[in-house]
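Today I'm opening my notebook on charged side chains that pair up. I want to see where they sit and what they connect.

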Amino acid sequence: MNVFVIPAFNEELNVPRLLDDLEARPELWTGGHVILVDDGSTDETVAAASAHQGELPLMVVPQIRNQGPGRAFDRGFRLALELCGQDDLVVTMESDTTSDLDALTAMLGAARDGADVVLASLKDGARLVNVARHRRALSHAASFVVRRGVGLDATTVSSFFRVYRAQILRDAYERFGADFIREPGFACKAEILVKLDGLGAEIAEVPVSVDWSSRLGESKLKLMPTMRGYARLMAREAAARARATP
């Protein structure tokens, strides 16, 4: 079974298109669930999602106020794990249609072959297309800093587009509790990956290009708050390593 966890904030233009795209691919969700966590949108995202017609097993979960994608993922993961068995898979993706659904077959296949986490990765020729310069620079810088800072062997650390084995997420909540996802902003994806890697998760990468021309509206990523989030994450990791050193 596949359970989708999709955070959304002010994506009323994109969410209907995403849900229609998923509706057209029942092989991805039949027997599973699609959890869309609205992160306190001030537009009509909730109404647009709730208006979707079809067989898609959709759950729309509104957050009271905007708290950031980290909080939305935490809410979605906790709901997903209530529905998942040990061998089920949790798929996370962007709500703005930039996650390439064509890549999911390979990503799900890598998870079924034994990977605990599968990343949509900018490797082996995959690239960012029509992406703002500051977003592209931040993605590359974040990956470099996290790889060097904690020794993580992963090309891409910031993308929302991933597949997790449900059991590795369950293990993480058992190990870290409420501290599993401390970063409320976009740095949460690097934090999740670092902590799962620390638990010994097998991480696989599938080359997937990202084309922003498919989305409508502006990115919700704010450069300075995101940079501060990465700085907090790396400071905590450095402190943890120092405490662990005899």
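Here are my entries on the salt bridges.

Entry one. I'm working with a predicted model. I looked up the salt bridges, and the structure holds four of them.

Entry two. R25 has 24% relative accessibility, so I put it down as partly exposed. D102 comes out at 55%, and since exposed means over 50%, I noted D102 as exposed.

Next I looked at D116 and R165, whose closest N and O atoms are 3.7 Å apart in a salt bridge. This pair links distant parts of the chain too: D116 sits in the loop between helix 5 and strand 5 (117-121), R165 sits in strand 7 (residues 162-165), and 49 residues separate them. Are they buried or exposed? I found D116 buried, and R165 as well.

Entry four. Then came K195 and E191, with a salt bridge of 2.8 Å, N to O. I found both of them in helix 8 (residues 188-198), four residues apart, which is about one turn of the helix. I wrote down K195 as buried, and E191 too.

How values were computed:
Residues numbered from 1 in each chain as written. Predicted model: local features only at pLDDT ≥ 70, side-chain atom pairs only at ≥ 80, totals over all residues. Heavy atoms only, no water. Salt bridge = Lys/Arg side-chain N within 4 Å of Asp/Glu carboxyl O. Buried < 20%, exposed > 50% of the residue type's maximum accessible area, 1.4 Å probe, protein only. Helix = DSSP H or I, 4+ residues; strand = E, 2+ residues; numbered from the N terminus.
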